[in-house]
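Here is a walk through a predicted model.

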Amino acid sequence: MPRQCDICQGARAIIRRPKTGQRVCKECFFRAFETEVHNTIVDNALFRRGDRIGIGASGGKDSTVLAYVMKTLNERYDYGLELFLLSIDEGISGYRDDSLETVKRNRDQYGLPLKIVSYEQLYGWSMDRIVEAVGRKNNCTFCGVFRRQALDRGALMLDLDHIVTGHNADDVAETILMNILRGDIPRLGRCTEITTAGDGYIGRSKPLKYAYEKEIVMYAYLKRLDYFSTECTYSPNAYRGYARQFIKDLEAVRPSAIIDIIHSGEAMKVASGVAMPVATTCGRCGYISSNAICKACALLDGLERGIPKLGVSRSSRDADGAPARAGGAGAAVEPVHFERLRERALALRRQRLGGAEPEPCDAAGAACRCAGTECQ
Amino acid sequence: MADTGAGDEQLKVTVEFGGGLDMFVKKERLQMVDGAKKAIVRMARQTGGKGTTIRRLIEHIGEDYLKASTDLFCTGSTLRPGILVIINDADWEITDDGMDKYDYKLQDEDEIVFVSTLHGG
């Protein structure tokens, strides 16, 4: 039963928008979707003219749509941004290697420069090897902790001003629910923010925060965007899986549920009595941390010493229970200190502003002069 | 009534499984059509009642087209929430008010796409 678009009254409606219930045609849908992202960017003043912006790109639907829309809006509204694709190679064969091929095609399709940083290069450990060492139970902890830092490291290597990620409305609603269910009040306060200070280095924001997953997938489908959709080979996060399914069930009954949860989350205030972690920097790599050694360094230490549970469990009893394996795998890559990354980023910036070229680097290891930016 | 058999008694639709859903479909059921993996589905045309609905198609896929874990696609004739249905390039939720989207009456040569929103990011 063809029916007319609620907006232009002309063309055939092809999608029912979950947020509003409006039935709109293809062109009006594209316009509305893009304009909402533009409004999110402008209302929250996410960028400044001239900013160098890294788009966290996994090759999946969200980051692919984000890259496409950011490029479109940057041109349409003349934001004056320099856009980059920034990808993390966790070293998961059969999954990330294939999705990175998608990102490489996106690089060519959208004409955006791409930087890939790998766990192997940064930490000396690929996820495949970490899973060999720790098994399939806790590996997601390693991956999550390493990814946070890897994005910051990649951003410093490119001297970016800001990172955008493809988190969508469904993701945010799901995270709000999970933080409530876990009683994680500090995170509950932070997870609704559209921009976070990142970890003290580079701010991060989520321009698709109010975009429904359904619309992102429809947008990608109707625009025939090239994206990759395979589940990670290693065990998915079961708890998040339940929260996700629950959100989808709610959405099926009442499509506005997702945006309603986000509004509820935004309206909640963390009571002043709640203890918030105090930030300091890691004594080993200089990353922001609430302990003397950051989580990534603690996990790496456990891997190197062959007791990978070190740094994973919260209680020391669990850590003691893990048998120490002789030798460990001993890749022994000392992550580059953040101060060095920052100095390098400053040198790159001075060069762009007309200064001398930073010293070239031809020696990895102790003699490296580029903080691992070029030589690795 | 109870029309089964060949020729005009059969309804033919093309079905595509996107967003990672193709992993759940038996390999031999998919073929390359216009550069994409699709399934050509022929079903007995139901002339009585509501006709051959998309509800029936979902059941049929659940019975005949999927590998072991069918609940990742559907439970009976109910599609798993988070899977989008695109009929001839339009969202199936576009149906008229008061009409159940599962009652959509399939037409010959319809192009149906099931897309999961649940995979990857």
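**Helix pairs, sheet and chain contact**

Start with helix H6 (residues 139-157) of chain A and helix H12 (residues 295-304) of chain A. Their axes come within 9 Å. They cross at roughly 130°. Angles over 145 degrees count as roughly antiparallel, and 65 to 115 as roughly perpendicular. H6(A) and H12(A) are therefore oblique to each other. The crossing of H6(A) past H12(A) is left-handed. From H6(A), the contact draws on Phe142(A), Val145(A), Phe146(A) and Gln149(A). H12(A) supplies Lys295(A), Ala296(A) and Leu299(A). By class, the residues of this contact of H6(A) with H12(A) are 5 nonpolar, 1 polar and 1 charged.

Now take a second pair in chain A. Helix H7 (residues 169-182) of chain A packs with helix H10 (residues 238-253) of chain A. The angle is about 120°, and the axes lie 9 Å apart. Here H7(A) passes H10(A) in a right-handed crossing. On the H7(A) side stand Asp170(A), Ala173(A), Glu174(A), Leu177(A) and Met178(A). They meet Tyr239(A), Arg240(A), Ala243(A), Arg244(A) and Ile247(A) of H10(A). The contact of H7(A) with H10(A) has 6 nonpolar residues, no polar ones and 4 charged ones.

Turn to the sheet of chain A. It is open and has 6 strands, in the order S5-S4-S3-S6-S8-S7. The pairing is mixed. Strand S5 (114-118) and strand S7 (195-196) of chain A are at the edges. Each has a single partner strand, so one side of each is left without a neighbour in the sheet. Look next at strand S6 (residues 162-164) and strand S8 (residues 203-205) of chain A. These two run parallel and are joined by 3 bridges. Opposite His162(A) stands Gly203(A) in S8(A).

Helix H2 (residues 61-76) of chain A touches strand S3 (52-56), strand S4 (82-89) and S6 of chain A. The direction of H2 makes about 155° with that of S3(A). Helix H3 (residues 96-110) of chain A also packs on the sheet, touching S4 and S5 of chain A. The direction of H3 makes about 165° with that of S4(A).

Finish with the contact between the chains. How many residues does each chain give? Chain B gives 19 residues and chain A gives 25 residues. On the side of chain B that touches chain A, strand S6 (83-87) and strand S7 (90-91) of chain B are the elements that give two or more residues. That side of chain B has 7 nonpolar, 8 polar and 4 charged residues.

How values were computed. Residues numbered from 1 in each chain as written. Chains lettered and ligands numbered in written order. Predicted model: local features only at pLDDT ≥ 70, side-chain atom pairs only at ≥ 80, totals over all residues. Axes fitted to C-alpha atoms, helices over the stretch in contact; angles between N-to-C directions. Helix = DSSP H or I, 4+ residues; strand = E, 2+ residues; numbered from the N terminus. Left-handed = near helix turned anticlockwise from the far one by under 90°. Contact = placed C-beta atoms within 7 Å. Nonpolar A, V, L, I, M, F, W, Y, C, P; charged D, E, K, R; others polar. Parallel < 35°, antiparallel > 145°, perpendicular 65-115°, else oblique. Pairing = 2+ DSSP bridges.
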